Amino acid sequence: MIASISPMSAFQTSTHPISISYFSRETHQENSLFSSRTMAAKTIPFPPSTQFRRLLCKPPQGKHVRRDYLVKKFSAEEVQELVKGERTVPLIIDFYATWCGPCILMAQELEMLAVEYEKNAMIVKVDTDDEYEFAQDMQVRGLPTLFFISPDPEKDAIRTEGLIPIQMMRDILDNEM
């Protein structure tokens, strides 16, 4: 059986804009697509393999945020309480997405940083897909985006966008906070 896409089939009486025509030289039964006498092609809609499929289960979430990691995922309300509350250590907020490749690399660096600065910094993550409105309010345009917030209310927050090296994060924590 030979399959081809006919440009004229879009102008035929088919309801689909693109259709596939099958040509056959073999003899078929009467209820098949073709008659053995006419050898004419009939237009059929898209094959079933290209139609939308229903998901049987929810796709797995990002593997870089687990319960046993030091850097925890927070909601928008929890982050706002942390920022408004009294702290003695700097706060690092990581805006990420599970589908973002640089965010996964940044998560590994943040885990190493969390081990180094276990008592000297607090690192939290915010999923921009779950907290879309909060990310918009914080004007997060690119991922990953980090906010370094000092415990001193007189100092301004430092914002970085994109993948940055761990040494730059160390310098910000040691010198700017």
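In what order do the five strands of the open sheet lie? I looked this up before anything else. The order is β4-β6-β5-β7-β8, and the pairing is mixed. I took two strands as paired if DSSP finds at least two bridges between them. The edge strands, each pairing on one side only, are β4 (72–73) and β8 (158–161).

Notes on the source. I am working from a predicted model, in which local features need pLDDT of at least 70, side-chain atom pairs count only at pLDDT 80 or more, and totals for chains, interfaces and linings use all residues. Residues are numbered from 1 along each chain as its sequence is written, and side-chain values use heavy atoms, with hydrogens and water left out.

Whole chain. I found four helices and eight strands in the protein chain. These are DSSP runs numbered from the N terminus: helices are H or I of at least four residues, strands are E of at least two. Along the sequence the pattern reads β-β-β-β-α-β-α-β-α-β-β-α. Of the 177 residues, 34% count as buried (buried is under 20% relative accessible area, exposed over 50%, partly exposed in between, with a 1.4 Å probe and protein chains only).

Strands β5 and β7. Strand β5 (residues 91–96) and strand β7 (residues 145–149) run antiparallel and are joined by five bridges. I checked Asp 94: its bridge partner in β7 is Leu 146.

Helix α4. Helix α4 (residues 166–176) lies across β5, β7 and β8, at about 20° to β7. Axes are lines fitted to C-alpha atoms, for helices over the stretch in contact, and angles run from 0 to 180 degrees between N-to-C directions. Its buried residues include Ile 166, Met 169, Ile 172 and Leu 173. They lie on the same side of α4 because they cover an arc of only 120° around the axis (the arc is that of the directions from the helix axis to the C-beta atoms). The buried residues of α4 pack against β5, α2 (101–116), β7 and β8; contact means heavy atoms within 4.5 Å.

Glu 131. I found Glu 131 in the loop between β6 (122–127) and α3 (132–137). Glu 131 is buried yet has no salt bridge (a side-chain nitrogen of Lys or Arg within 4 Å of a carboxyl oxygen of Asp or Glu). The nearest side chain of opposite charge, Lys 73, is 7.4 Å away; Lys and Arg count as positive, Asp and Glu as negative, and His and the chain ends are not counted. Leaving aside neighbours within four places in sequence, Glu 131 is in contact with Ser 75, Ala 76 and Val 126.
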